[in-house]
Amino acid sequence: MLTGIILAGGRNSRMNGRNKALLIYEGEHFIERQINVMRSICTRLIIVTNDASYYKKWAKDDLIYIPDIYEGHGPLSGFHAAFVQLETEYAWVVGCDYPKLSASAALWMLSQLKTSDYDAVLPVVDGKHQMLHGVYRPHRMLPSIIQRLESHQYRLSGLLDSIHWLGLGESDWIEAGIAYHFIEDVDTPEQYIALLQEREGGSDHVS
């Protein structure tokens, strides 16, 4: 019913070239944590990467590695590569730099999607939509993604102009009883240091 997709491409330029998927948090690589969380609710997992050799140690029968087809055009290319492979109606898409994934959040977004006519359900926190922890109807969206790639419109957020989506804000998450720390990503060395210091400070991190 639900396929989990991890976008593990990119140049990692803001991390000075260091592979964000392989950063360590709470004794595990980011991507290892993500695979474990996503396996709890997904029937299939896809990792979009142009070099799967980094991640083969976590390979199992439910995990598929695929490269970009439109290479070098950011997350939109990753969405496309994964969506053309999908057999399920729904997909949970995450970036590899999100160490605090929430299966509870994904299931709640999925429930909102299944009982509506939306193409996507996304967290919206601090006024910003979080497309890389969202739940989608891939087959509906694929034509719009292809059209944008073919017309050289690579900005991921631009896709929201051509789909029907629901944003869930802070009050929605509070009402649902789900902490929204899962939207925190790590793009820079400074953010990674802050994440580790937060952990050392004894903060509670529930995936």
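## Exercises on a predicted model

H152 lies in the loop between α4 and β10 (165-168). The exercises below concern a predicted model.

**Exercise 1.** Determine whether H152 is buried or exposed.

*Solution.* Step 1: the relative accessible area of H152 is 60%. Step 2: a residue counts as exposed over 50%. Step 3: H152 is therefore exposed.

**Exercise 2.** Describe how helices α2 and α4 pack.

*Solution.* Step 1: α2 (residues 75-83) and α4 (residues 138-150) have axes 10 Å apart and an angle of about 135°. Step 2: angles over 145 degrees count as roughly antiparallel, and 65 to 115 as roughly perpendicular; α2 and α4 are therefore oblique to each other. Step 3: the crossing of α2 past α4 is left-handed. Step 4: the contact residues comprise nine nonpolar, two polar and one charged.

**Exercise 3.** State which residues touch the most other members of the largest nonpolar core.

*Solution.* Step 1: this core has 63 residues. Step 2: I5, I31, I47, F79, F83, W92 and Y136 touch the most other members. Step 3: helix α3 (residues 103-114) supplies the largest share of the core, six residues. Step 4: another core, of seven residues, lies apart from it and includes M15 and F30.

Methods:
Residues are numbered from 1 along each chain as its sequence is written. This is a predicted model: local features need pLDDT of at least 70, side-chain atom pairs count only at pLDDT 80 or more; totals for chains, interfaces and linings use all residues. Side-chain values use heavy atoms; hydrogens and water are left out. Axes are lines fitted to C-alpha atoms, for helices over the stretch in contact, and angles run from 0 to 180 degrees between N-to-C directions. Helices (H or I, at least four residues) and strands (E, at least two) are DSSP runs, numbered from the N terminus. Angles under 35 degrees count as roughly parallel, over 145 as roughly antiparallel, 65 to 115 as roughly perpendicular and the rest as oblique. A crossing is left-handed if the near helix is turned anticlockwise from the far one by less than a right angle, and right-handed if clockwise. Ala, Val, Leu, Ile, Met, Phe, Trp, Tyr, Cys and Pro count as nonpolar, Asp, Glu, Lys and Arg as charged, and the others, Gly among them, as polar. A nonpolar core is a set of buried Ala, Val, Leu, Ile, Met, Phe, Trp, Tyr and Cys residues joined through side-chain atoms within 4.5 Å. Buried means under 20% relative accessible area, exposed over 50%, partly exposed in between (1.4 Å probe, protein chains only).
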